[in-house]
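Dear colleague,

Please find the structure below, handed over for your study.

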Amino acid sequence: MLKVDLNCDMGESFGAYTLGLDHEVAKYISSANVACGFHASDPVVMEKTVSILKENGVAAGAHPGFPDLMGFGRRNLNASPAEAKAYVQYQIGALWAFCKARDIPLQHVKPHGALYNMAGKDYALSRAICEGIAEVDDRLILLGLSGSQMRKAAADVGLRFAKEVFADRAYEADGSLVARTKAGAMITDEDEAIARVIGMVKHGKVKALTGEEIEIEANSVCVHGDGEKALAFVQKIRAALLSENIEIAPLAQIV
């Protein structure tokens, strides 16, 4: 039976600002990427999020980003590989403390936003991220874009790598994500998004924005937990995967 992880970014509230439907979405996913305070979240939110994950049996992952609260970590930062490595280690350490306090393991690390997209094309940045992870705990899994430089860097450093695909994002012909500023970057039709997910998981293919079909591998499907229809979308994707006899399991059981 095919297995795939269903992941969601969580813990992205901050202070008085609430983002996402973490309590509800946690019932339907197998892994969560928890913001670590740089692009979103704060210590109180992190503690609450880890508690939610433990309550629902969801595997925890660190979601480190650039130090950019104002831009939600989506703005490119001209950081050196050494700086990026330190950012990643700092944020892993912060989340690890809450996981340790709640007695749940830290399963993986998924870079956030601009850090994720830049590392996908920049080997030196990917390598720095991987070295940062490995020095903290080389048992951690790197969750990154299928076919990106992160995959090569993880192999070179000796980290397990989980190949991620996106339910609601369009792809360029080279397998990279279409920039959010570009028309057609987001897949807004739920039925289309679900059909694309099934195609990526079962057949390893997806149609790029250019119209051509490209090859892609899926160990994990990312669904976003914010927005008005987020909960219904997560529920539908989970139901569709199960109806296709695809088992939903955390990354540690897949890679």
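**Findings around strand β1**

C8 is buried, because its relative accessible area is 1% (buried means under 20% relative accessible area, exposed over 50%, and partly exposed in between, with a 1.4 Å probe and protein chains only). Please note that this is a predicted model, in which local features need pLDDT of at least 70, side-chain atom pairs count only at pLDDT 80 or more, and totals for chains, interfaces and linings use all residues. Residues are numbered from 1 along each chain as its sequence is written, and side-chain values use heavy atoms, with hydrogens and water left out.

C8 sits in strand β1 (helices, H or I with at least four residues, and strands, E with at least two, are DSSP runs numbered from the N terminus). Apart from its neighbours within four places in sequence, C8 is in contact with V25, I29, S31, A32, N33, V223, H224 and G225 (contact means heavy atoms within 4.5 Å). The C-alpha atoms of C8 and V44 are separated by 19 Å, and these residues are 36 residues apart along the chain.

D9 also belongs to strand β1, which spans residues 3–10. Is D9 buried or exposed? D9 counts as buried because its relative accessibility is 10%. Its side chain makes a polar contact of 2.8 Å with the side chain of N33, and another polar contact, of 3.4 Å, joins the side chains of D9 and H63. A polar contact is a pair of N or O atoms within 3.5 Å; within protein, one must be able to donate a hydrogen and the other to accept it, and residues adjacent in sequence count only if both atoms are side-chain atoms. Not counting residues up to four places away in sequence, D9 touches N33, H63, K110, C222, V223 and H224.

**Cysteines**

How many disulfides does the model contain? The count comes to zero, where a disulfide is a pair of cysteine sulfur atoms within 2.5 Å. For C36, the nearest cysteine sulfur is that of C99, 8.9 Å away. For C222, the nearest cysteine sulfur is that of C8, at 6.6 Å. C36 counts as buried at 4% relative accessibility, and C222 counts as buried at 0%.

**A residue in a loop**

L69 lies in the loop between β3 (59–63) and α3 (81–102). L69 counts as partly exposed because its relative accessibility is 40%.

With kind regards
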